[in-house]
Amino acid sequence: MDSNELTSTPTPMSGLAEEVGLANPIHSQTSRQMLDLVNRLHSTGVQLDIDLPQIAVIGSQSAGKSSLIESISGITLPRAAGTCTRCPTECRLSRSTDPWRCTVHLRITDNGKTRTERFGDVITNKAEVEERIRRAQWAILNPTLRNAHGTRHFLTGDDHGVNLELSFSSCLVSLQISGPDVADLSFCDLPGLIAGVGSGGNIGDIDLVKNLVATYIKRPSCIILLTVACETDFQNQGAQEMAKLYDPEGKRTVGVLTKPDRIPTGEEQNWMGILRNEKEPLENGWYCVKQPSSAEIAAGVTWERARKNEDEFFASTAVWSDLDEMYKKYLRTKNLVERLSALLSDLISKRLPEIQDEIDNSIIATRNALHNLPKPPSSDPRNEIASLLHAFVRDLARHVEGVPEDGLLQAIRPTQEQFRRTIRMTAPDFQPFEKRYAKKKKIDKAKFLLNEEGHDDFAILDETIDAGSDNESSTGLSLDRTSSISQDIIPNPDAIYIDEVMRRADEARTRELPGNYPFVVQETYIKAIIKKWRTPAQALCHAVYSTLGQHVQKLIQLHLGAFGQGQLAQRVKVILQDHLNKCMERAEERIDWLMKLEDRPFSLNTHYLADYKDKFLAHYRTAREKDRNPQLMAAIEQYNPLSNSSVSHPNSGLPPPAPTGIAKVLSGLVEMGILGVRFEALAKLIESDGMEPALVIMADVRAYFQVAYKRFADNIPLAIDYELIWGVERNVLETLSKGLGINGDNGDRICKELAQENATIAVRREELAKKLERMHMAGQQLLQIGF
């Protein structure tokens with residue numbers, strides 16, 4: 001027969017007695033409670049999340065596992081040619097006052113999601129169990145057919161000669177058996193380990209079975225029931241190697257020697273050494289059982305007869321009957337069953353506090369995970385979407401108005417400040433010297449600007465010299481007169497020199513009287529400066545647009561990102577992007593309008609304009625006069641009216657000293673009858689060099705820049721703020737409602753589509769909800785025993 005076919009076999013061990021397996025009255029009430037508790041915990045499905053105590057039966061292929069399971073559980077397992085167990089078979093036995101019954105379930109894992117399905121009606125006749133298990137295994141090993149027709153197909157379909165899609169599977173068959181004489185115990189019969197595959201077999205099955213067995217026996221709460229057939233050399237049976245791998249100290253492994261009647265002659269003592277725990281020692285020792293042979297099973301041996309035959313074998317076979325009494329308790333199935341029951345009961349008792357803690361921690365973690373998921377779909381999606389949009393719009397308005405920390409306005413402010421600085425740096429760099437002195441002379445800083453604009457702005461003025469320059473002479477000019485080796489000043493390429501201003505003024509004269517120059521000269525310079533303002537203004541607008549867009553996107557994600565499958569957030573992003581683009585267009589139009597306003601020089605701020613003109617004219621004139629007559633200008637600067645007073649000390653008795661220098665000049669003017677002349681006015685005695693008109697033009701332009709740039713540096717951010725920042729919040733709720741169409745005739749349908757939950761989140765929510773339910777049910781089971 002092909003190893004990938006399942007066939008029916010006669011039901012062995014017919015006429016089983018009612019009291020089988022662990023239905024032993026000697027078990028204490030406490031042990032029964034522990035065993036019953038684990039079965040009830042298994043019934044909640046919590047074993048998917050918590051490591052529950054369980055017995056896993058492992059062994060090499062044909063090691064006698066199935067016969068051992070039958071003796072423990074009182075049921076008959078399918079017996080096909082080749083490997084009998086192709087998927088895990090979980091047996092959950094529980095005592096009940098109701099009549100004997102068996103329910104079969106399939107625990108199937110598809111795409112990482114585990115589900116449990118009931119397979120057929122309740123079985124009340126033990127003879128029907130084998131066939132139901134065989135069909136359940138058939139359903140598990142054919143996932144494609146199962147997904148196409150459902151599991152009911154396998155309850156009635158004809159499986160004779162049908163090839164199996166899978167050789168083995170990790171999905172399991174779960175048997176829940178209860179009755180008045182059924183013990184409380186959980187164990188799982190795992191596929192037998194295989195050393196090789198025959199012709200046409202899948203070499204991958206070897207590792208598949210190993211990995212499947214490992215998933216069970218690696219759990220710390222798993223008692224490993226290791227079956228070893230005496231008919232085969234011990235070292236050639238791979239199951240004991242796996243048991244050693246995951247339980248190297250042998251603390252949770254129970255060894256079982258099967259088929260003792262097939263020990264080759266002369267090798268009995270080798271197996272006696274194992275039974276006496278001298279070889280391959282285990283903390284819980286080794287047991288030996290004798291199950292019915294294939295011929296006895298075929299003849300319909302009863303469970304009672306099988307146990308009598310087992311007693312007779314160990315009592316009459318010399319090698320076993322000659323054992324010391326202390327080792328005879330390791331013989332026979334009933335002794336093994338009692339030991340397993342005690343071990344499992346003790347393990348459950350020890351694990352109970354840990355299980356309780358794990359359940360409590362898992363409940364907390366699962367609740368947190370559920371809490372972190374987006375809200376589940378609403379039964380009234382239209383109202384929920386409306387609420388979400390209102391909350392979003394309120395938060396948007398709050399950020400537009402300004403929030404205390406890490407807000408939109410804080411993010412924009414550095415860009416606005418940079419814009420102001422950029423405009424400030426377009427100030428004309430007028431030099432009151434001829435261009436031929438570009439590398440030798442440079443005007444000093446305008447001290448009055450320091451008081452009104454601060455050190456940061458003062459540092460970026462184009463007309464200033466470097467703060468650390470060593471080329472400043474006593475005249476207040478930057479000159480190179482301290483070294484015999486010329487060290488040139490690096491001129492500003494954008495500097496405008498007085499001779500260039502004068503030349504432009506002369507060229508602009510038309511019908512003006514001598515000494516008069518047209519305003520077009522100042523206007524030309526002003527327009528050239530203002531022309532540079534468009535690019536920084538547009539750059540500010542685009543920077544604010546980008547920052548605002550990013551901020552709006554974050555708010556959308558915060559308020560709407562978790563709703564449904566994200567379609568609402570995506571559509572709002574598209575609508576608001578279009579809305580933001582329109583705001584951007586209006587802001588750019590406003591910038592164009594403001595630029596046009598600056599086309600013609602204008603200001604009603606005459607006081608500040610005149611004040612600035614006087615200050616800059618004095619600044620430029622003083623610098624030029626210092627250059628032309630440094631000795632006179634130095635004397636004027638150093639003159640102190642108090643220290644040069646001609647009044648003598650009243651008690652000195654000496655005449656006042658004769659005046660000198662500036663004091664002498666002022667005294668001479670008084671003698672001539674010219675009174676009220678201040679010492680600073682002496683600079684006017686320097687004969688004009690014909691550049692005075694250029695100085696006036698330079699002062700006009702520089703003064704107007706101070707007035708105009710401050711106005712422009714305020715108006716542009718204000719326009720952007722009104723049209724772009726405030727604009728994005730203006731009528732935004734109406735824009736969203738109209739764009740989404742939620743208030744139209746199809747509003748309900750649209751809202752329902754937008755509210756559809758993401759499939760991944762829905763699956764995750766369902767999994768967590770089921771897990772939480774399992775945990776709560778498990779917690780209730782623990783409470784029932786007063787834990």
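Predicted model: local features only at pLDDT ≥ 70, side-chain atom pairs only at ≥ 80, totals over all residues.
Strand β2 spans residues 89-95 and is mostly covered, with six of its seven residues buried. Two pairings of this strand can be described. With strand β5 (residues 172-179), β2 pairs in the parallel sense over seven bridges; within this pairing, Leu93 has Ile177 of β5 as its bridge partner. With strand β6 (residues 185-189), β2 pairs in the antiparallel sense over five bridges, and here Cys188 of β6 stands opposite Glu90.

Helix α17 comprises residues 498-508, and its buried residues are Ile498, Asp499, Glu500, Val501, Met502, Ala505 and Ala508. The elements that cover these buried residues include the strands β10 (430-431) and β11 (496-497). Helices also contribute to the cover, among them α18 (520-530), α21 (606-628) and α24 (692-729).

Most residues other than glycine have a negative phi. Asn277 has a phi near 65°, a positive value in a residue other than glycine. Asn277 lies in the loop between α8 (268-275) and β9 (286-288). Its relative accessibility is 25%, so Asn277 counts as partly exposed.

Arg332 likewise is a residue other than glycine with a positive phi, near 85°. The loop that holds Arg332 runs between α12 (325-328) and α13 (333-372). Arg332 counts as buried because its relative accessibility is 18%, and the cut-off for buried is under 20%.

Technical notes
Residues numbered from 1 in each chain as written. Heavy atoms only, no water. Buried < 20%, exposed > 50% of the residue type's maximum accessible area, 1.4 Å probe, protein only. Helix = DSSP H or I, 4+ residues; strand = E, 2+ residues; numbered from the N terminus. Contact = heavy atoms within 4.5 Å. Pairing = 2+ DSSP bridges.
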